[in-house]
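This briefing concerns the structure shown below. Please keep the sequence and the model at hand while reading the points that follow.

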Amino acid sequence: APVCSTSHQLLLLKQTVFQGGGAVCLQVDVGCEAYEGSIVVQAPPAWAPMPPFKGDAPLIPKIKAETSYLCRRKFMMVNGMHTTLAFMTLCMREEGNTPGTHVLLNYAEETKEVRARVWAWATGRLLMLAWEHDLEIMADAHGVEGERALCGVLLDYARVTLRRFSGVSDTTTRVLSGGVANRWETRLKPVHDFLQGTQKLDRFGRLLLREAGVELPSLRHQVAELVAEGRRFTGQGAKKAAKQ
C-alpha cells in the first residue's frame, strides 16, 4: 500500500569496505534524529493484509478522509512550520532583500517573545487544519472523543514538532530549497489569507485558541507581520528600511 511518511529523518551514512579472501563486506552505520516519526498507510483495502508494522509510529486510517487529514497535518505542521521558522530567521538576521544562508532559529533557546510568535503561527496552522477537515474524522483518526480531547492531540503534535526542530540544526537555504517565492506563496501566505477571510471563529476554533493560550487579535498580527516582512525575500517587496 502507498505510504505517506510524516517523518523526514536526517540520515548519516558511513560506509566501510573490507576486502579479504575475495569477498567484500560493506558496513553501513545509520544515525538519525531521536524523533521516531509516523508512518501513515493510506487506507489499505479490506482484502489486503495489514502492513507489517508495529508500535506507535504506524497509523492505519480506516477511510481515505482520515488519510488526507493525517498527510495534510504533516504538511501544515512539519513543512509549514519549517517554512515559518526559515522566514522568521531571515527577517531577524538579513538586512537586505537577498536570502542568505543562516542556521534556523532554535525554538527551545529563543526569547519568550520569539517563542510566542512561533507558537502563534503553530496555533494558526492548527486552526486552518481544523477548518479544512471534518472534526469527527480528525477525532476518529486519533482514537479520541470530544473537541477538548482533539484540541489536546493537535496541540501536543505542535509541541512535539517544535521540540523536534530544536534538536536538529538546519539552515534557511535547505528549508527554502524549493524556491523562496514559492514557499512564501504556498506555505506562508495561505495562513494569512485564511485568517483574514475568517471574521468569526466557530466553537472549536475558540476552544483551540483558549487551550493554546493565544488570542485572536495577537494571532492575526503575528501572522500578518511575518508575511509582510518576509515578502521582501521573494523579489516582490521593497527593501527593508535602514535602521535609524
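How many residues does H2 have, and what distance does H2 reach from its first C-alpha to its last? In this predicted model, H2 has 21 residues and reaches 30 Å between those two atoms. That span is close to the 30 Å expected at 1.5 Å a residue.

**Confidence**

- The protein chain has an average pLDDT of 86, and 82% of the residues score at least 70.
- Confidence is highest in helix H7 (residues 203–212), at a mean of 98, and lowest in strand E1 (residues 3–5), at 46.
- The pLDDT is below 50 over residues 1–15, a stretch that has 55 contacts in the model beyond near neighbours in sequence.
- A further stretch with pLDDT below 50 covers residues 238–244, with eleven contacts in the model beyond near neighbours in sequence.
- Where pLDDT is low, predicted coordinates should not be read in detail.

- The largest nonpolar core holds 58 residues, of which Val-118, Trp-119, Trp-121 and Leu-219 touch the most other members.
- At least two residues of this core come from each of H1, helix H2 (112–132), helix H3 (135–142), helix H4 (147–166), helix H6 (180–197), H7 and helix H8 (216–230).
- H1 supplies the largest share of the core, with twelve residues.
- In soluble globular proteins, nonpolar side chains tend to be buried together.
- H2 is mostly covered, as 15 of its 21 residues are buried.
- Beyond its neighbours within four places in sequence, Trp-119 is in contact with Tyr-107, Leu-155, Ala-158, Arg-159, Leu-162, Ala-212 and Val-214.

**Asn-79 in helix H1**

- Asn-79 lies in helix H1 (residues 64–93).
- Is Asn-79 buried or exposed? Asn-79 counts as buried because its relative accessible area is 19%, and the cut-off for buried is under 20%.
- When residues up to four places away in sequence are not counted, Asn-79 touches Lys-74 and Arg-187.

**Glu-225 in helix H8**

- Glu-225 has its place in helix H8.
- The relative accessible area of Glu-225 is 39%, so this residue is partly exposed, a class that lies between the limits of 20% and 50%.
- Glu-225 and His-192 are 33 residues apart in sequence, and their C-alpha atoms are 9.5 Å apart in space.

Note on methods:
Residues are numbered from 1 along each chain as its sequence is written. This is a predicted model: local features need pLDDT of at least 70, side-chain atom pairs count only at pLDDT 80 or more; totals for chains, interfaces and linings use all residues. Side-chain values use heavy atoms; hydrogens and water are left out. pLDDT is the predictor's confidence in each residue, from 0 to 100. Helices (H or I, at least four residues) and strands (E, at least two) are DSSP runs, numbered from the N terminus. Contact means heavy atoms within 4.5 Å. Buried means under 20% relative accessible area, exposed over 50%, partly exposed in between (1.4 Å probe, protein chains only). A nonpolar core is a set of buried Ala, Val, Leu, Ile, Met, Phe, Trp, Tyr and Cys residues joined through side-chain atoms within 4.5 Å. The expected span of a helix is 1.5 Å times one less than its number of residues.
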